[in-house]
Number of protein chains: 2
Amino acid sequence: MKPTESEMEILQVLWKQGPSSVRTVFEQLDKKDVGYTTILKLMQIMHEKGMVDRDTSSKTHIYVALISKENTQNQFLDKMIDTVYNGSTARLVMQALGNERTSKKEIEEIKAFLKSLENN
Amino acid sequence: MKPTESEMEILQVLWKQGPSSVRTVFEQLDKKDVGYTTILKLMQIMHEKGMVDRDTSSKTHIYVALISKENTQNQFLDKMIDTVYNGSTARLVMQALGNERTSKKEIEEIKAFLKSLENN
DNA sequence: CTTTATCTACGAATTGTTTCGTAATCAAAT
DNA sequence: ATTTGATTACGAAACAATTCGTAGATAAAG
């Protein structure tokens, strides 16, 4: 089950912060152009879908991500490689590296990673 | 303006084949679980949105992509890096490379690409 | 105890996407 | 000319995602 765009933004906060109230998720989201109850509703829907669990023992419910960051990211990645890059991982990677956004430091990280791949 | 999932599938065909009729796009799409008029309608909407142009001089209209493959892919990539990878290109790339899907040949391509980046 | 603030629940409106049925048009074949 | 087949146009239904208003519950502050 693939999270929607908005759900993904909420998951990012939950993954980074750990268990959180709706309020703190709302505050982390710079997406302040939407109301509090919108985020609340979204998180309730995510609960219905089984993406998050929640502790309702106190008035303020605490939500926690049930799906893993790695799995979810991979899911998006695979879909993207298929529908946007026609199945070619290499093309995606090279276009990502061609981006101006990628710093020297990141390039070095990637090279190191490739070396470590070789050694296995 | 970001193409939807279905629009992306159609664009893939137009990019690969060049100018095409609705019929040939429909046939290329293994997405045969939807009807012909569905694809027709989607392509008409894409025309309204300005994603494609069309030649209506003969009965069978010929559609051509107006947005470039590179730009569109980059758009998706940027969005993905932001919403799924919290802005880190390196993490996306490393996860992509960690995939089993990536062949030795592709890895070599990427190494070569990194070298060519260095020389500029 | 009463007021105030915060929270949840829930329904409903809105918006966007996908789907297809039907009618009209056109061209080719009979 | 008439039929047949392929095409476009168009409206509308079905579905999904997003948004928010309002009501009711609960806790904290006065």
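User: Why are strand 1 and strand 3 of chain A called paired?

Analyst: Strand 1 (residues 20-21) of chain A meets strand 3 of chain A over two bridges, in the antiparallel sense. Pairing needs at least two bridges, so the two strands pass. Ser20(A), for one, stands opposite Tyr63(A) in strand 3 of chain A. Keep in mind that this is a predicted model.

User: How do you know that strand 2 and strand 3 of chain A pair?

Analyst: The rule asks for at least two bridges. Strand 2 (residues 52-55) and strand 3 (residues 62-65) of chain A have four bridges and pair in the antiparallel sense. Asp55(A) has Ile62(A) as its bridge partner in strand 3 of chain A. A hairpin of six residues joins strand 2 of chain A to strand 3 of chain A.

User: What makes strand 1 and strand 2 of chain B edge strands?

Analyst: The sheet of chain B is open, with three strands in the order 1-3-2 and antiparallel pairing. Strand 1 (20-21) and strand 2 (52-55) of chain B each pair on one side only, and that makes them the edge strands.

User: How do you know that strand 1 of chain B pairs with strand 3 of chain B?

Analyst: Two bridges join strand 1 of chain B to strand 3 (residues 62-65) of chain B, and the two run antiparallel. The threshold is at least two bridges, so this pair counts. Ser21(B) stands opposite Ile62(B) in strand 3 of chain B.

User: Why is Arg91(A) with Glu70(B) called a salt bridge?

Analyst: Look at the distance. The closest N and O atoms of Arg91(A) and Glu70(B) are 3.8 Å apart. The cut-off is within 4 Å, for a side-chain nitrogen of Lys or Arg and a carboxyl oxygen of Asp or Glu, so the pair qualifies. The rule finds six salt bridges across the interface of chain B and chain A.

User: Which elements of chain B build the side that touches chain A?

Analyst: Helix 1 (5-17), helix 4 (69-83), helix 5 (89-98) and helix 6 (104-118) of chain B each give two or more residues. Helix 4 of chain B gives the largest share, 12 residues. By class, this side of chain B has 18 nonpolar, 12 polar and 13 charged residues.

User: What is the area buried between chain B and chain A?

Analyst: It is about 4200 Å², and carbon and sulfur atoms give 57% of that. The size of an interface is often given as the accessible area lost when the parts come together. The contact takes 43 residues from chain B and 43 residues from chain A. Between the chains, 18 residue pairs are in polar contact.

User: How do you know that Thr4(B) makes a polar contact with DNA strand C?

Analyst: An N or O atom in the side chain of Thr4(B) is 2.7 Å from a phosphate oxygen of DNA strand C. The limit is 3.5 Å, so the contact counts. Ser6(B) has a polar side-chain atom 2.8 Å from a phosphate oxygen of DNA strand C. For Thr38(B) the distance to a phosphate oxygen is 2.9 Å. Helix 2 (22-28) and helix 3 of chain A, with helix 1 and helix 3 of chain B, each give two or more residues to the surface near DNA strand C.

User: What surrounds DNA strand C?

Analyst: 23 residues do, and the closest are Arg23(A), Lys59(A), Thr4(B), Ser6(B) and Gly35(B). By class, five are nonpolar, nine polar and nine charged. Of the DNA strand C atoms within 4 Å of the protein, 63% belong to sugar or phosphate and the rest to bases.

User: Which element gives the most to the surface near DNA strand D?

Analyst: Helix 3 of chain B does, with five residues. Helix 1 (5-17) and helix 3 (36-48) of chain A also supply at least two residues each. By class, this surface has four nonpolar, nine polar and eight charged residues.

Methods: Residues are numbered from 1 along each chain as its sequence is written. Chains are lettered from A and ligands numbered from 1 in the order in which they are written. This is a predicted model: local features need pLDDT of at least 70, side-chain atom pairs count only at pLDDT 80 or more; totals for chains, interfaces and linings use all residues. Side-chain values use heavy atoms; hydrogens and water are left out. Contact means heavy atoms within 4.5 Å. Buried area is the accessible area (1.4 Å probe) that two parts lose on being put together, summed over both. A polar contact is a pair of N or O atoms within 3.5 Å; within protein, one must be able to donate a hydrogen and the other to accept it, and residues adjacent in sequence count only if both atoms are side-chain atoms. Ala, Val, Leu, Ile, Met, Phe, Trp, Tyr, Cys and Pro count as nonpolar, Asp, Glu, Lys and Arg as charged, and the others, Gly among them, as polar. A residue is near a molecule or strand if one of its heavy atoms lies within 4 Å of it.
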